[in-house]
Amino acid sequence: MLVLDSNRPRNAATFSAHGYLSRDGISPLELRRLGREELAAYPEAEYRKAAVSLVERDAAGPGFVVTLPGGVERTRTVVIASGLTETFPALPGIRAFYGTSVHSCIACDAYDYAGQPIALVGETDDLAYRALLLTQWSRDLIVFTNGVAVVSEADEERLARRGVRVDRRPVQDLVGGHAGLTGILMADGEVISRTAAFVRPNWTPSLAFAVPLELATTEVGLVAVDAGGRTSVPGVYATGDAVPLWRKQLIVAAGDGAKVADTLNRDLIEGED
């Protein structure tokens, strides 16, 4: 087994990971280090830091050719676990605070800001739903649509009953200092005091390398799979955030990976008959 990893995880900016049983609060980078260390204990497995540029069917026979910097690898099966790429609202200060006082995962990080003044900033039409999730931890919440996202009048009334305000004005930036976020700077110059923010990114599947495989995908571009993680191309499997999981969380992705590994192993055994 060869594990190829570009070492550019989506949660690299976050100091601590949550919701992973027995590892709550661990650094995502440390969790990855532990995984590589455990993998190294098995002589049949190899970890290689490398960005895959192309995966295609092998013209010379069954299987696939994986193109890497400096060469290729041939394999009988491929598991795609390339996840998603995040695109945030175009606010210059997001990266300065992302992972410390600005986050994207409500389930992972909202607990740490219970009772605090929180902002929810986004440009998608699910902001009202995400705001309702945040009210479990704080009612001192303002939803900023940045002049783009649609929050219906009915949703705004529902949020107002929980003490949540919707601000539809364009946002210019996030402001703060070394201690973290202090406020939201509006395009008209007003600064609204907030100590934490959640942003709603747009997620794009990282699948450019798999284009030659012509995989079937969902309406939003995720890899379409059956219950075992099989794609539309025999011998190719997919797992994690590259497929339609019910939640974008580490422990959910890990469980899905275990399921796909079992499926692949069973398929290999049956293919030997």
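Buried here means under 20% relative accessible area, exposed means over 50%, and partly exposed sits in between (1.4 Å probe, protein chains only). This is a predicted model, where local features need pLDDT of at least 70, side-chain atom pairs count only at pLDDT 80 or more, and totals for chains, interfaces and linings use all residues. Residues are numbered from 1 along each chain as its sequence is written, and side-chain values use heavy atoms, with hydrogens and water left out.

**The overall picture**

- The protein chain has six helices and 17 strands; these are DSSP runs numbered from the N terminus, with helices (H or I) of at least four residues and strands (E) of at least two.
- Of the 273 residues in the protein chain, 42% are buried.

**Cysteines**

- You'll find zero disulfides in the structure, a disulfide being a pair of cysteine sulfur atoms within 2.5 Å.
- Cys105 is buried, at 18% relative accessible area.
- Cys108 is also buried, with its relative accessibility at 18%.

**Salt bridges**

- The whole structure contains 17 salt bridges, each one a side-chain nitrogen of Lys or Arg within 4 Å of a carboxyl oxygen of Asp or Glu.
- Arg48 pairs up with Glu46 in a salt bridge, and their closest N and O atoms are 3.1 Å apart.
- Both ends of that pair are partly exposed: Arg48 has 25% relative accessibility, and Glu46 has 38%.
- Helix H6 (residues 250-271) holds Lys259 and Asp256, which are about one helical turn from each other because they sit three residues apart.
- Those two form a salt bridge, with 2.9 Å between the closest N and O atoms of Lys259 and Asp256.
- Lys259 is partly exposed at 37% relative accessibility, whereas Asp256 is buried at 9%.
- Arg266 and Asp262 make another salt bridge, with their closest N and O atoms 2.8 Å apart.
- This pair is in helix H6 too, four residues apart, so about one helical turn separates Arg266 from Asp262.
- Arg266 is exposed, with 51% relative accessible area, while Asp262 is partly exposed at 39%.

- Arg139, Arg158, Arg161 and Arg162 form a positive surface patch.
- Patch residues have over 30% relative accessible area and no salt bridge, with like charges joined within 9 Å and nonpolar side chains (Val, Leu, Ile, Met, Phe, Trp, Tyr) within 5 Å.
- For the charges, Lys and Arg count as positive and Asp and Glu as negative, while His and the chain ends are not counted; each charge is placed at NZ of Lys, CZ of Arg, CG of Asp or CD of Glu.
- The areas come from the Shrake-Rupley method with a 1.4 Å probe, and for residues only the protein chains shown count as cover.
- Arg161, one of the patch residues, sits in the loop between helix H5 (153-160) and strand E11 (165-167).
- Arg161 is exposed, at 64% relative accessibility.

- Ala119 is part of strand E9 (residues 118-122), and it is buried, with a relative accessible area of 0%.
- Ala119 and Ile184 are 65 residues apart in sequence, yet 7.9 Å separates their C-alpha atoms in space.
- Asp5 belongs to strand E1 and is buried at 16% relative accessibility.
- Between Asp5 and Lys49 there are 44 residues of sequence separation, and their C-alpha atoms are 5.0 Å apart.

**Positive phi without glycine**

- Ser22 isn't a glycine, but its phi is positive, at about 80 degrees.
- Look for Ser22 in the loop between strand E1 (2-5) and helix H1 (28-40), where it is exposed at 61% relative accessibility.
- Asn146 is another residue other than glycine with a positive phi, near 55 degrees.
- Asn146 is in the loop between strand E10 (141-144) and H5, and it is buried, with 11% relative accessible area.
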